[in-house]
Amino acid sequence: MSAHMQPSSRGGTLVMVLYLAFLILPIYWLVNMSLKTNFEINTTVTLWPNDITFEHYIKIFTDASWYSGYINSLTYVALNTVISITLALPAAYAFSRYSFVGEKHLFFWLLSNRMAPPAVFALPFFNLYSAIGLFDTPWAVALAHCLFNVPLAVWILEGFMSGVPREIDETAAIDGYSFPRFFIKIFMPLIASGIGVAAFFCFMFSWVELLLARTLTASNAKPIAVTMTRTVSAAGMDWGLLAAAGVLTIIPGALVIWFVRNYIAKGFALGRV
Amino acid sequence: MDKPVNNRAWLLVAPVFLIVAFSAIVPIMTVVNYSVQDTFGNNQFFWNGLGWFQELLDPSTELGGRFLDALWRNLLFSAIILAIEVPLGILVALSMPREGWKVAATLVVMALPLLIPWNVVGTIWQVFARADIGLAGWAINALGIDYNYTGDPLAAWITIVVMDVWHWTSLVALLCYAGLKSIPDAYYQAARIDGASRWAVFTTIQLPKMKRVLLIAVLLRFMDSFMIYTEPFVLTGGGPGNATTFLSIDLVKIALGQFDLGKAAAMSLVYNLIVLALCWVFYTVMTNTGTERRQEENPA
Amino acid sequence: MASITLDGLAHTYRPDPRGPQDYALKEIDHVWRQGGAYALLGPSGCGKTTLLNIISGLVVPTRGRILFDGRDVTRLPTEARNIAQVFQFPVVYDTMSVRENLAFPLKNRRMPREAIARRVEEIASRLDLTPVLDRKASNLTADAKQKISLGRGLVREDVAAILFDEPLTVIDPHLKWQLRSSLKELHRALDLTMIYVTHDQTEALTFADTVVVMHDGAVVQTGTPEELFERPAHTFVGHFIGSPGMNVLPAQVEGRTAHVGDVAIALDRAYPALPKGERIELGVRPEFATLAAPGTGLPVTVTRIEDIGRARIARIEIAGNPAAAMVPEELSLDGDRAGLTLDPRQVHIYADGVLVPGVPAPGEAAGREGAA
């Protein structure tokens, strides 16, 4: 019951309005630009399109070199999310339930990889994935992103799991559940929101990362974000097309947020509130 | 917390250990290998000992000076964005609506910038801040202020800082919001009965309860700003001149631009060590705060 | 120092209440005397916390007024009322020492520094907090924390009433009794109005001079612990107070006789004006029902006998209706047949759950137990 929580004051409302306006304004401008002709963009600054056009969107949806970029991106993001969560679940359980030799060091080492600069890994990853023949496949990017997403997933899931009383495990053991059956049938439903949040964050960080994704792909698996960097043509920058592609990269994120909106705050606190 | 000791837990951790080791240790070994060699192209490598490291850590050399400049630039950038994003994030968290549809709407809008690919963030601010086609750039110039972030280092810095504030303040705010939501109503009621002012409520109740999430926020923001690459790369390309060349940008320039593998590898290692050391400091502080908190009981 | 008057108070959390069922708190008129020790007793969800929050000013009632010494404070904010409150979970300011915690309400009210220091020392010694005054409040045990919350109320000399919202919930059982008796002592020493909300009858009955029992948003009875025990005004009170609760049996009343199934029970009073068509029940506490050898009193079937230490309680059936009765020490039974004797003065008749006073029979000591 939060009915008595300190009421937001008028000053608070003003802060929120200004802040949200600040957040929305650049996005609005991008959308606005995506609906203008390049002629209008380059000649005047107008708050809404005088001559509304969908030509940029039509181009993206009909040109394979554009829309395959989206498919590539979503493929490696999905692969990465599944790999990260599958591996992180048992590990997070171990961290939340047991102490073992090297536990603290291992946890720190995992965490430190979440903080490692991708720029450091760009070149060695290029060598590594070329050597094992995965270069320019979604697998290369999906595996590379595991570097920071697996530790993150472990961290988030461990936070949620620690909130589940250990008595549940013991009761299940007494009731004769085998560990895998207990884990899947009883434990996973209990931390379903935690799994959702962890999946959301894996999606998020895999979706927004570009440096590794760009380094590990050439043509076949090129992500959309990279395709976008090639909008310079003989006629100069194709701003309208760039803006339309940008708008389309915002949409998957916006859709995903909608599903996790109630857990978002707890998720950002990595399940530790 | 008295967790039972069970070394078979390693079996559960093994898959994570293997994949992260594969992703972290193998590449780091490549880097170590490169860092002690020199190449003249054609895949011919020569032993160079610690030469690259000596050069990197000696500010009088070209490489060392460049590294030190980028390091200071990066630290300055991290300090500035923390100084803005942390107070602003707290302020926003305190101002967030508490119930009704407004909460969902606000959360979604706030999370939106966090879900945008980082190069698109750069692109958004590029088309927003350019003086010729961007709303902000055009409006500032229309006010009579000469603003051009591609030519003026100060304007470039301001633009990158504002962009980062736009991109990441919501993260701090959402963390603080989560911390605020965990405060039981009784605390606010007690404070009202005790006649506490709004400021006293903030300093005696809200801030202490936010301490933990704020630590996470500072950790994430510091680390992420310390490895920032894509957004400024798209926006300014590190320029004008080297004005916005942060560590990661410089590293990629050396590694993938000039293919100076030895220099890049040495720089990678030093860069990574700095990150590791800072990360360890934060981690220690955080786990200490964690045990402190576990001792308190946690009312639902 | 004040008496608190609730005048036609009612509250609903819904914006469009359709009927009484939408009210968290149904209309209440009540006066809390200055210096009284009250308990507000009822199960969770009965509206007692809502009532407490209205008194403390955290909730503005939908209807009615609340008066402190005749002054209307209905719309005054919490900080403008002279009340203090101790919550279910201990509220202490984590970053402050115990001393700073106790000084906090006075500092906020801009009292001079020396006066604050003096007052804090005084209250700390009263609450036995002197040894921990300079410790961090967050590191203390739950009972010490509750004392600190109470202390933050007591330091204020203007405090008219202290409200307790189930303050012993998180206290270790062996410390509950101790804390409760120090509360009683404080009450006697300080002449403060105390209102103690709880769902635990033992806490209520041992702490309070007057117990207000709430059920489903309404006050069902106000009285001393003895009154609640001997003359429950509602079958709910009968059930809720006492362990085991009052026996309530469906009955038909004719003159001075009640019929439970085919068993006839003699009554002390007559009930000529019982409402027609309402549910009529007979209530008698197990303490006033004594098991006897078969053939004495009413015929009953014994299903089980429980030894609860200081007494034995029989689970019985009267014409098929389950009930409980005391088993005298000397009684031993063979088989499940037994007799039952009731104290006629402690047998009450309820219509739709509400006590019907009844008329003392002519010729008997008139006015011995006047109508309520």
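**Reading a predicted complex, step by step**

Author: Let's start in chain B: residues 103-128 are 77% helix and 0% strand, with end C-alpha atoms 28 Å apart. Helices (H or I, at least four residues) and strands (E, at least two) are DSSP runs, numbered from the N terminus. This is a predicted model, where local features need pLDDT of at least 70, side-chain atom pairs count only at pLDDT 80 or more, and totals for chains, interfaces and linings use all residues. Residues are numbered from 1 along each chain as its sequence is written, while chains are lettered from A and ligands numbered from 1 in the order in which they are written.

Reader: Which residues of chain B does the annotation "transmembrane region" cover?

Author: UniProt positions are given in the numbering used here, feature names are shortened, and annotations may be inferred rather than shown by experiment. In this case, the unreviewed UniProt entry gives "transmembrane region" for residues 12-36, 75-96, 103-128, 154-180, 213-230 and 264-285 of chain B. Residues 264-285 of chain B are 100% helix and 0% strand, and their end C-alpha atoms lie 32 Å apart.

Reader: Thanks! How many helices and strands does chain A have?

Author: Chain A has 14 helices and two strands. Its C-alpha trace spans about 75 × 60 × 30 Å along the principal axes.

Reader: What percentage of the residues in chain A are buried?

Author: A residue is buried if 20 or more other C-beta atoms lie within 10 Å of its own, exposed if 12 or fewer, and partly exposed in between, with C-beta atoms placed from the backbone. Of the 273 residues in chain A, 49% are buried.

Reader: Into which domains is chain A divided?

Author: Domain bounds come from an automatic or database domain assignment. Chain A splits into domain 1 (9-53) and domain 2 (58-268), and the C-alpha centres of these two domains lie 31 Å apart. Two residues are in contact if their C-beta atoms, placed from the backbone, lie within 7 Å. Nine residues from domain 1 of chain A and eight residues from domain 2 of chain A make up the contact. On the domain 1 side, H1(A) gives the most, with five residues.

Reader: Where in chain C does pLDDT stay under 50?

Author: pLDDT is the predictor's confidence in each residue, from 0 to 100. Where it is low, the predicted coordinates should not be read in detail. In chain C, pLDDT stays under 50 over residues 365-372. Chain C has a mean pLDDT of 86, and 97% of its residues reach 70 or more.
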